[in-house]
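Please look over the sequence and the structure shown here. A short report on them follows.

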Amino acid sequence: MNDFMTSRYTDFVDDLETIVNQDSSSGNAKGIAEVARFFERRFTAIGMTCEIIYAGQAGVPCLKAETRPGQTPYDLMCLGHMDTVFPEGEVEKRPFSTDGTKGYGPGVCDMKGGLLVALYTMEALHHQGILDKLSVCVTFNGDEETGSNASRELIEACARQSRRVLVFEPCRPGYNMVLRRKGGGWFHVKAKGKAAHAGADPEKGINAVVELAHQITRIHTLNDSEKGTSAQVTVMHGGDKVNIIPETAVAAVDVRFSKSEEAKTVESFFKELTRTPYLPGAELEVSGRIDRPPMECSPEAELLFQQIRDCGKIIGMDAEGISTGGCSDGNFTSAQGTPTIDGMGIVGANAHRDDEYVELESIIPMVTLVADLCKSFIDSSAGDTGS
Ligand SMILES: [Zn+2]
């Protein structure tokens, strides 16, 4: 496997240049569709059945490619996103570049490099004549960076039909894969009071800023680092003129949590908040919701990671598992009860920044790792089902 990948290293870097040099910010349907077509051509060439699905009302281009169409449960779901956070024109400003060690360019690590790991893995299995021995569903969406609103249903449906999921977000430096991600959501709290002259008629007013300030200290009590829950008020506005008691004040809250049961605690907290204003006559409104469940590491996911580690050891890779507060589509697949391991792309860092990079020396090991892992799935399913 290693030899095959070594011979294809230059192709991989050339392909990386091709797809990084295609602007594909979330919302740029034309650009995302171009990336989808690139992969459609390649997956089709190795005999996979492809479909470009335009998801949701927005018609977000997503790609689904299967080795054995409709043969579920899939042994493996390979998940990735084709959109980036960078606006149209970014490629022109800073196209793909490399210094021989690292690769740079918009979305190179988050996550165009990872998409290629999935493709090259399938090509490696095809080269060995064993691709059709595994039922694989590759799902690449086009709106992950804006919350996967249009593609979430598709992703969850594929996950429910799959035995396991690998997400090809970047692997962290040192071959750290992602085992756990926090869930989360955003809430907006609006306090409504009554305006009055601050000097002449203070008793006629209800100060929305004072109301909100009290609520903010209550919200802050949700923070519990032991449980892995955070609730941070990140934005607040209130008042307009120095001599007027403010009528309204608003705050935005970023909530994250590690355990799925915490979602209920948080949601009921915000419901309760509106019922208990601090100042007589003040009113509170809350909008927002928890929109991502946490990616927890089930015993089955733990086992899958152990398989990854074992395959890594054979090629001299010391893979480790980490937790992160950031969300990915792995949150959705893991909440469907399907063992999910994330961070299976090439090693990289600084996502969403213009100094984003990938480590080119991780290309061969990562493709070799995932291909070897797939072979171990084939071997084990031949052992236990005989089919
Ligand atoms: Zn990403």
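Predicted model: local features only at pLDDT ≥ 70, side-chain atom pairs only at ≥ 80, totals over all residues.

Residues are numbered from 1 along each chain as its sequence is written.

The protein chain has 10 helices and 18 strands; helices (H or I, at least four residues) and strands (E, at least two) are DSSP runs, numbered from the N terminus. Its C-alpha trace spans about 85 × 50 × 40 Å along the principal axes. Of the 387 residues, 46% are buried. A residue is buried if 20 or more other C-beta atoms lie within 10 Å of its own, exposed if 12 or fewer, and partly exposed in between, with C-beta atoms placed from the backbone.

Strand β2 (residues 60-66) is largely enclosed by the rest of the structure, because seven of its seven residues are buried. On one side these are Val60, Cys62, Lys64 and Glu66, and on the other Pro61, Leu63 and Ala65. Two strands pair if DSSP finds at least two bridges between them.

| Partner of β2 | Bridges | Direction |
|---|---|---|
| β1 (residues 49-55) | seven bridges | antiparallel |
| β6 (residues 136-141) | four bridges | antiparallel |

Ile53 stands opposite Cys62 in β2, and Glu66 stands opposite Cys137 in β6. β1 and β2 form a hairpin with four residues between them. In that turn, Gly56 has a positive phi of about 70°.

Glu203 lies in the loop between β10 (196-197) and α6 (208-220). Glu203 is exposed, because 5 other C-beta atoms lie within 10 Å.
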